[in-house]
Each structure stands twice: as C-alpha cells, then as structure tokens.
Amino acid sequence: MSKRTDTIKSLFTAPQSSALSADNMPAALPRVSSGSVRSLKDSFSEVEKENEELRERIASGAVILEIDPSLVDPSPLADRFRDQDDSSFEALKQSIAQRGQEVPILVREHPEAKGRYQSAYGHRRVRATRELGISVKAILRSLSDEALVVAQGLENAPREDLSFIERASFAMRIEDAGHSRSVVQDALSVDRAEASKLLAVARSVPAEVIQAIGKAPKVGRGRWQSFAELIKDSAALKRVRAAIAEPKFAERETDARFLAAFSAATRPSRGEPSKEPDEKPVFSVSGEKIAHVRQAERELKLTIDKNVSTTFAAFLVDQLPALFDAFSKKSSGQESTEA
C-alpha cells in the first residue's frame with residue numbers, strides 16, 4: 001500500500017484529536033412538539049388551498065367585488081315571477097341582515113351602460129341588499145348573451161321553488177330573444193321533448209292570463225297542458241278573461257287563482273248555450289254496428305249495442321289498460337318526432 005493511500009485512509013479513520021471549545025460548539029436545536037409541526041403543516045395546506053382557489057378564479061376571469069346594488073341591472077330575460085305574497089324574499093332579506101350575504105351573485109359588465117353591471121343570477125339578493133342599504137357581493141365574469149342565459153338557467157335548475165309556468169315562460173323568453181332551441185335546453189337542463197312541452201304551454205296561454213294567475217307552484221305540467229287545450233276554444237278563453245277581471249280574483253293566492261281560471265274554462269257561464277253532444281255509431285271491420293259513442297263537453301259515453309254479446313263488454317274492460325298503454329306510447333312517439 002503506498003504512502004499516499006495511507007494518508008488518505010488516515011483522514012477517515014483517525015479519531016478526533018481534541019474537543020471543540022464551548023465557544024465553537026454549535027447550539028443545540030430546540031425540540032418542537034409533533035402537535036406544533038402538524039398545526040404548521042395544516043396552516044400551509046390551508047394557505048395553499050386558498051392560493052389554488054385564487055388561481056382558479058384568476059384563470060376563469062372571475063373576480064369577487066363588493067358593489068353598489070343600485071348599479072346592478074337584472075338580466076334582460078326574467079326567470080321568475082314577482083308574486084304579491086313574497087314571504088320567501090322577506091326571509092332572505094332577514095337572513096342577509098343577520099348573517100350577511102353568504103353566496104355572491106354573478107354579474108358581467110353591462111354591454112350598453114358603462115360603469116354598470118348586469119346580473120345573470122341573484123336578482124333577489126340584489127333587491128335585498130338594495131333595500132338594506134349595503135353592498136352586494138358579486139363575481140364578475142366576461143359573459144356573452146348566450147352564456148349569461150345558460151348561467152342564469154343552470155343556477156335556477158335545481159331550485160324546487162321555480163314553478164312549471166315560470167320555467168315555461170323563461171323558455172319562451174329565451175327563444176323570443178333569438179336564441180336557439182339548444183340554448184333553451186341547456187339553460188333549463190331539459191331534453192328537446194320537454195323543452196317543446198314548456199314552449200307549447202307558454203305560447204298557448206296568453207301573457208295577461210299567466211300574469212294574472214302567477215307562479216302557481218302547486219300546479220304541474222299536466223294541468224297547465226289541460227288548461228292550454230281548454231282555452232283554444234274562444235268561448236272558454238273569453239270566460240277566463242272575464243274571471244281574471246273580477247276584483248276578487250286578485251285577492252286569492254296564486255294556486256287558487258289557477259283553479260278559478262281553470263273552472264271558468266271548463267264551465268259555461270250563465271246564459272251561454274252549451275254545445276250539443278256529438279253522437280256517432282261505431283262499426284266493426286265487417287260493417288256490423290257494435291257500439292254508440294256520445295261525447296259532451298265534459299264526458300264521453302260508450303254504449304255497447306244490444307245485439308253484441310255481453311262477454312264483449314267484459315273483454316273490453318280487461319283490454320283497456322293495454323290499449324291505453326299502447327296509445328300513450330304512440331302519442332309519446334309522435335310528440336318526440338314533432339319536437
């Protein structure tokens with residue numbers, strides 16, 4: 001082994017010749033409890049989470065502001081009715097007064113008025129903060145007209161307090177504003193067939209009748225569709241208009257107003273002649289008379305001919321559920337095709 005090798009080896013194996021003096025001794029690091037380390041780690045995690053949320057807001061072009069609610073104009077397309085008995089708004093206003101505004105609204109810069117904003121959703125929060133005399137918290141985003149409508153609809157889609165006729169009227173306003181049927185579907189989270197049903201009702205019932213009735217939260221699609229069919233008859237529509245013009249009509253709550261209008265559409269007024277019932281025979285394929293149908297305004301009566309076996313009536317009753325099911329499927333298929 002060479003002298004050079006021995007020298008190198010001694011550098012690693014030789015014991016320390018003397019202890020360092022106290023002046024040169026490095027101070028011992030203080031012990032830190034595991035709880036303090038964990039708390040510090042959690043703090044860093046929370047800060048990083050907040051930073052990540054901020055980065056996402058910046059990336060999406062969203063900025064949270066506190067602005068004067070008097071500078072916020074509503075969306076050009078109303079998505080709900082303003083009811084006379086707006087107890088839910090008073091509850092919202094009281095909540096904001098006590099706990100502050102917990103959920104910001106969504107706004108864009110007003111496309112036509114510099115220095116003002118236009119809200120996609122949060123109209124009631126704007127109204128509440130305006131009445132309370134405080135600023136409204138808002139997320140500011142750059143939104144096209146179409147994006148504004150879709151954001152407005154999607155925010156309201158999960159809400160149970162938005163009634164059928166409010167949704168139908170909102171769908172009509174979207175389409176009347178020049179947007180495509182697909183925008184209606186996206187805004188209301190519905191398929192094409194459901195969008196067609198909403199629009200059909202909204203276009204069949206005159207605006208002044210809808211306005212007089214109000215949101216009618218307990219009235220679903222089925223009864224609105226029946227009502228729309230009834231007032232296709234000019235006499236029925238005339239009766240409805242007469243009913244909503246009565247002073248006591250407006251004093252009722254909204255669901256009762258619908259029932260009063262529906263009743264007026266189904267029942268002729270005094271002195272108005274009722275329609276003569278429509279009567280016609282029913283023949284078999286071979287030409288044999290088998291039944292007689294009598295259809296009046298509110299009922300349809302089927303009478304089996306006396307020459308037909310009595311067992312046919314029992315057979316017909318047994319087959320009615322299957323016949324109705326086949327009819328429903330056929331009607332649904334036609335409706336989807338028309339849509």
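E175 is partly exposed, with a relative accessible area of 22% (buried means under 20% relative accessible area, exposed over 50%, and partly exposed in between, with a 1.4 Å probe and protein chains only). This residue belongs to a predicted model, in which local features need pLDDT of at least 70 and side-chain atom pairs count only at pLDDT 80 or more, while totals for chains, interfaces and linings use all residues. Residues are numbered from 1 along each chain as its sequence is written, and side-chain values use heavy atoms, with hydrogens and water left out.

**Confidence**

- The protein has a mean pLDDT of 77, and 70% of its residues reach 70 or more; pLDDT is the predictor's confidence in each residue, from 0 to 100.
- Confidence is highest in helix α11 (residues 234-244), at a mean of 94, and lowest in helix α1 (residues 3-13), at 49. Helices (H or I, at least four residues) and strands (E, at least two) are DSSP runs, numbered from the N terminus.
- Over residues 16-26 the pLDDT is below 50, and this stretch has one contact in the model beyond near neighbours in sequence; a contact means heavy atoms within 4.5 Å.
- Residues 334-339 also have pLDDT under 50, and the model gives them four contacts beyond four places in sequence.

**Salt bridges**

- A salt bridge is a side-chain nitrogen of Lys or Arg within 4 Å of a carboxyl oxygen of Asp or Glu. The count by this rule comes to eleven salt bridges.
- One of them joins D145 and R108, whose closest N and O atoms are 3.0 Å apart. D145 lies in helix α5 (residues 145-156) and R108 in strand β3 (residues 105-109), so the pair ties together parts that are 37 residues apart in sequence.
- D145 counts as partly exposed because its relative accessibility is 47%, whereas R108 counts as buried because its value is 6%.
- E175 forms a salt bridge with R203 (3.0 Å, N to O). This pair links distant parts of the chain, with R203 in helix α8 (residues 192-204) and E175 in helix α6 (residues 164-176), 28 residues apart.
- R203 counts as partly exposed because its relative accessibility is 43%.
- R241 and E208 also meet through their side chains in a salt bridge (2.6 Å, N to O). Here R241 is in helix α11 and E208 in helix α9, 33 residues apart, and the pair links distant parts of the chain.
- Both residues are partly exposed: R241 has a relative accessible area of 36%, and E208 has one of 37%.
- Through shared partners, salt bridges join E175, D176, R181 and R203 into one network.

**Helix α12**

- Helix α12 (residues 254-266) has 13 residues and reaches 19 Å from its first C-alpha to its last. This span is close to the 18 Å expected at 1.5 Å a residue, where the expected span is 1.5 Å times one less than the number of residues.
- The buried residues of α12 include R257, F258, A261 and A265.
- The buried residues of α12 pack against α9 (207-213), α10 (221-230) and α11.

**Surface patch**

- V317, L320 and L323 form a nonpolar patch on the surface, and together have about 290 Å² of accessible area. Accessible areas come from the Shrake-Rupley method with a 1.4 Å probe, and for residues only the protein chains shown count as cover.
- Patches are made of residues with over 30% relative accessible area and no salt bridge; like charges are joined within 9 Å, and nonpolar side chains (Val, Leu, Ile, Met, Phe, Trp, Tyr) within 5 Å.
- L323 is placed in helix α13 (residues 310-338), and this leucine counts as partly exposed because its relative accessibility is 47%.
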